[in-house]
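Let's take a friendly walk through a protein model together. Have a look at the sequence and the structure first, and then read on.

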Amino acid sequence: MPAEKPPQPPVVQPPNEDGQGAVVAERKTARVKPPALYQVVMLNDDYTPMEFVVMVLQELFQRDEATATQIMLKIHHEGRGVCGVYTKDVAATKVEMVLTAARRAGHPLQCIMEAA
């Protein structure tokens, strides 16, 4: 995260043409909003092996085996599970990577992204 810039000193303009005092204009520091976050969510199906889901969670989402297994069981029992929360571009890329891996392996696994 970039450090905030220190406030700029005010800009002092020279006296007006008629000799009246100087004009001071203050600068307002711009506040940047953090980017919107999105959840990457895997959806349950009756065909994709649980081992494949765990492997995808480990390889694409850098989850350890215990965490990946917990997420997989949540997907299995509740119908969906959050794999991670990312900025929009990263989340979209993760969804595409999951779908590509599933298609290559011949599984109908579904993955979506939702606003967090």
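Strand β3 (residues 37–43) and strand β5 pair in the antiparallel sense over six bridges; two strands count as paired if DSSP finds at least two bridges between them. Helices (H or I, at least four residues) and strands (E, at least two) are DSSP runs, numbered from the N terminus. Within this pair, L43 stands opposite Q110 in β5.

Before going further, please note that this is a predicted model, in which local features need pLDDT of at least 70 and side-chain atom pairs count only at pLDDT 80 or more, while totals for chains, interfaces and linings use all residues. Residues are numbered from 1 along each chain as its sequence is written, and side-chain values use heavy atoms, with hydrogens and water left out.

Now for the whole sheet. Three strands make up an open, antiparallel sheet in the order β4-β3-β5. Its edge strands, each pairing on one side only, are β4 and β5. From one strand to the next, the twist averages 25 degrees.

Two helices pack here, and the table shows how each is oriented. Axes are lines fitted to C-alpha atoms, for helices over the stretch in contact, and angles run from 0 to 180 degrees between N-to-C directions. Contact means heavy atoms within 4.5 Å.

| Helix | Strands involved | Direction |
|---|---|---|
| α1 (residues 50–61) | β3 and β4 | about 155 degrees to β3 |
| α2 (residues 65–78) | β3 and β4 | about 125 degrees with β4 |

Q62 lies in the loop between α1 and α2. Is Q62 buried or exposed? Q62 counts as exposed because its relative accessibility is 58%; the classes are buried under 20% relative accessible area, exposed over 50% and partly exposed in between (1.4 Å probe, protein chains only). The phi of Q62 is near 50 degrees, a positive value in a residue other than glycine.

V82 sits in strand β4 and is partly exposed, with a relative accessible area of 35%. Not counting residues up to four places away in sequence, V82 touches Q39, V40, V41 and I71. The C-alpha atoms of V82 and E114 are separated by 9.8 Å, and these residues are 32 apart along the chain.

Finally, look for K94 in helix α3 (residues 88–104). Which backbone oxygen does the side chain of K94 reach? The side chain of K94 reaches that of L60, at 2.5 Å. Leaving aside neighbours within four places in sequence, K94 is in contact with V40, L60, F61, Q62 and Y86.

Technical notes
Polar contact = N/O pair within 3.5 Å; in protein donor to acceptor, adjacent residues only side chain to side chain.
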